[in-house]
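Colleague: Hi! Could you walk me through this one? I'd like to start with the disulfides.

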Amino acid sequence: ELHSDLDKGVGTVKYTLSGDGAGTVFTIDETTGDIHAIRSLDREEKPFYTLRAQAVDVDTKKPLEPESEFIIKVQDINDNEPKFLDGPYVASVPEMSPVGAYVLQVKATDADDPTYGNSARVVYSILQGQPYFSIDPKTGVIRTALPNMDREVKEQYQVLIQAKDMGGQLGGLAGTTTVNITLTDVNDNPPRFPKSIFHLKVPESSHVGSAIGRIRAVDPDFGKNAAIEYNIVPGDGGNLFEITTDENTQEGVIKLKKPLDFETKKAYTFKVEASNLHLDHRFHSVGPFKDTATVKINVLDMDEPPVFSKPVYTMEVYEDTPVGTIIGAVTAQDLDAGSSSVRYFIDWKNDGNSYFTIDATEGTIATNELLDRESTAQYNFSIIASKVSNPLLTSKVNVIINVLDVNEFPPEISVPYETSVCENAKLGQVIQTITAVDKDLSPAGQRFAFRLSPEASNKPNFTVHDYRNNTAGIETRRQGYSRRQQELHLLPVVIEDSSYPVQSSTNTMTIRVCRCDADGSILSCNVEAIFLPVGLSTGALIAILLCIVILLVIVVLYVALRRQKKKDTLMTSKEDIRDNVIHYDDEGGGEEDTQAFDIGALRNPKVIEDNKIRRDIKPDTLRFPRQRQPAEDNTDIRNFINQRLQENDVDPTAPPYDSLATYAYEGNGSVAESLSSIDSLTTEADQDYDYLSDWGPRFKILADMFGEEESYNPDKVT
């Protein structure tokens with residue numbers, strides 16, 4: 001309530017209110033000055049309000065007194081229960097923990113005023129979870145209440161925690177939360193086999209390294225505490241079997257270390273021990289954390305392939321051994337009860353060259369071709385053995401044949417074959433050290449001997465010094481050398497090996513004389529450098545040589561162009577028929593007599609081969625009453641002459657004198673063959689030339705000539 005001393009109670013004073021909550025939370029009676037709350041107050045929302053009040057004259061609106069400030073404080077009541085802001089909680093504690101082992105601390109918050117009364121005083125208690133756990137009423141720390149809680153019995157616990165204010169008194173407000181507690185595992189249980197004896201059956205054909213059975217020990221622990229290690233107790237099967245742990249199933253996997261043989265032993269018995277890998281020293285007093293079981297393995301008889309006496313066969317043979325020579329043998333046996341015969345053959349997939357053969361019954365290996373160690377030094381192939389009673393059962397073995405060397409190649413100088421010597425070399429100076437190589441397989445202690453060949457020992461410029469360690473040195477035999485006198489020296493070196501039979505070879509080394517400085521460094525080895533003037537550099541020499549080469553190229557190109565131009569001119573004149581003069585020794589009528597024969601046959605002899613019918617002869621044959629049947633070889637001559645005779649008789653433009661044209665081209669492949677009578681098989685006596693008299697006055701001279709020769713010497717052959 002507000003009141004001013006100037007207020008006489010007659011209504012001349014008016015009270016005003018301003019500040020926090022004025023008009024919304026608090027209101028004032030303008031006449032009496034009473035302040036009232038117009039809604040509920042919450043200390044947790046706003047614990048106090050700061051207000052300002054003033055008395056004002058109703059008529060003048062002027063303040064009667066200075067403005068005064070006051071604070072309204074909200075008094076707390078217990079209207080908020082405790083709350084677990086972090087709940088629900090999750091916690092864990094190892095199993096077998098002692099009583100009082102720490103688990104977790106919980107905390108509840110009360111929004112009431114902790115300075116006023118007991119509204120914010122919280123007390124903790126367990127509503128659910130006893131008698132396993134307990135809680136401190138003041139601190140909220142949860143601890144174990146029972147000893148030796150076993151995870152294998154119960155793993156999860158749910159504990160209900162209550163927090164109550166007013167110090168836990170009646171009428172106080174309470175809040176709850178849940179705590180989920182898990183017992184973590186410890187290695188408190190040893191592994192145990194569910195049975196004492198395990199029986200396994202294994203075929204004798206099982207491969208080494210294969211799994212032949214599984215056994216398992218049970219450990220109720222979890223994770224790494226349940227990890228089990230299996231071991232075979234030394235005894236009957238310790239050498240043939242081994243056991244490993246399957247990480248996923250914790251089973252013991254028994255594997256085979258060596259092959260089984262039913263005929264040798266039919267059963268095996270041994271013990272297996274299972275133990276934990278990670279032990280907890282707190283539980284050693286419980287007892288040993290391991291267990292033992294017996295494993296009995298029965299071997300099953302199987303039909304097995306033959307077994308070779310060796311895993312690998314190694315043989316040796318000299319190169320160039322005659323074909324068919326036996327170099328060794330392989331042996332395989334059938335170890336089953338009913339022993340069967342064995343057959344051998346080579347696996348040709350790996351030996352395609354067929355250098356060897358094998359006897360199918362005895363297993364002996366012989367050469368099938370001549371061997372060359374320098375070509376192939378070792379052969380590696382496989383031999384397959386199969387049972388006669390069951391050919392599908394096969395076994396394979398590798399055979400290695402080493403080809404022994406026969407000394408057939410002489411040693412040679414290894415590179416280089418060329419060396420150099422300085423002009424200012426001294427007597428006895430070593431200019432090159434040489435070694436030797438041999439294509440043959442050099443045996444241990446192989447020695448090479450070096451010497452100068454006999455023909456070079458008379459007047460040697462150089463000599464060979466054998467160091468007797470398979471090397472030799474080329475030494476000078478005189479003081480200084482001259483390039484002007486001799487640029488190259490050829491030195492024949494003889495090399496012998498120490499194998500049997502002894503092989504030797506003569507190797508020629510080329511020694512070039514070079515110009516060197518005082519330290520022996522080579523300056524120049526070119527022969528042309530001898531003739532160069534002093535002071536002429538290598539660059540100047542190259543420039544001079546380049547100019548000479550360019551001039552030579554220009555001259556060669558000029559000559560080639562001149563020849564090409566001349567050749568083109570000749571070809572053009574030959575191809576022009578109008579300017580072509582053909583010489584064929586025709587004693588005819590001159591330039592006008594150009595139709596006497598086809599000059600194309602003379603210019604192109606192959607025309608006759610392409611055209612079997614002659615273009616200058618008509619196919620029609622003239623028949624005369626007095627004409628006798630000529631010899632077969634002169635048929636073409638007669639037809640040709642008749643054709644020309646007819647053409648000249650009917651030609652009104654023929655010259656008024658006789659013309660004798662000879663057509664004596666004897667080209668290759670002529671249809672008419674030779675017109676000469678030298679090689680004729682007949683004689684003039686065998687022919688009758690009377691028909692020439694019937695050809696008119698133009699052939700009178702010809703008819704008289706043949707008639708006279710026939711009457712004078714009829715037996716003469718032309």
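Modeller: Happy to. As a working definition, a disulfide here is a pair of cysteine sulfur atoms within 2.5 Å. Keep in mind that this is a predicted model.

Colleague: Fine by me. How many disulfides does the structure hold?

Modeller: There are 2 disulfides. One of them is between Cys422 and Cys516, with the sulfur atoms 2.1 Å apart.

Colleague: And is the disulfide of Cys422 and Cys516 left-handed or right-handed?

Modeller: Left-handed, because the torsion about its S-S bond is about -85 degrees. Cys422 sits in strand E30 (residues 418-422) and Cys516 in strand E36 (residues 504-516), so the bond ties together parts that are 94 residues apart in sequence.

Colleague: Are Cys422 and Cys516 buried or exposed?

Modeller: Both Cys422 and Cys516 are buried.

Colleague: OK, what does Cys514 pair with?

Modeller: Cys514 is joined to Cys525, at 1.7 Å from S to S. The torsion about the S-S bond is about 110 degrees here, so this disulfide is right-handed. Cys514 is in strand E36, while Cys525 is in the loop between strand E37 (522-524) and helix H1 (538-575), so the two tied parts are 11 residues apart in sequence. Cys514 counts as buried because its relative accessibility is 0%.

Colleague: What is the pairing if you number the bonded cysteines in sequence order?

Modeller: The pairing is 1-3, 2-4.

Colleague: Switching topic: how many aromatic pairs are there?

Modeller: The structure has 14 aromatic pairs. Among them is the stacked pair of Phe241 and Phe270, at 5.3 Å centre to centre and 25 degrees between the planes. That pair links distant parts of the chain, with Phe241 in strand E16 (residues 241-245) and Phe270 in strand E18 (residues 267-276), 29 residues apart. Phe241 is buried at 2% relative accessible area, and Phe270 is buried at 3%.

Colleague: How are Phe462 and Tyr481 arranged?

Modeller: Phe462 and Tyr481 are stacked too, 5.0 Å centre to centre with 5 degrees between the planes. Both residues are buried.

Colleague: Nice. Which residues form an aromatic cluster?

Modeller: Tyr355, Phe356, Tyr379 and Phe381 form one. As for charges, Lys266 lies over the face of Phe262, 4.9 Å from the ring centre.

Key
Residues numbered from 1 in each chain as written. Predicted model: local features only at pLDDT ≥ 70, side-chain atom pairs only at ≥ 80, totals over all residues. Heavy atoms only, no water. Phe/Tyr/Trp six-rings, centres within 6.5 Å; stacked < 30°, edge-to-face > 60°. Helix = DSSP H or I, 4+ residues; strand = E, 2+ residues; numbered from the N terminus. Buried < 20%, exposed > 50% of the residue type's maximum accessible area, 1.4 Å probe, protein only. Lys NZ or Arg CZ within 6 Å of the ring centre and 35° of its normal.
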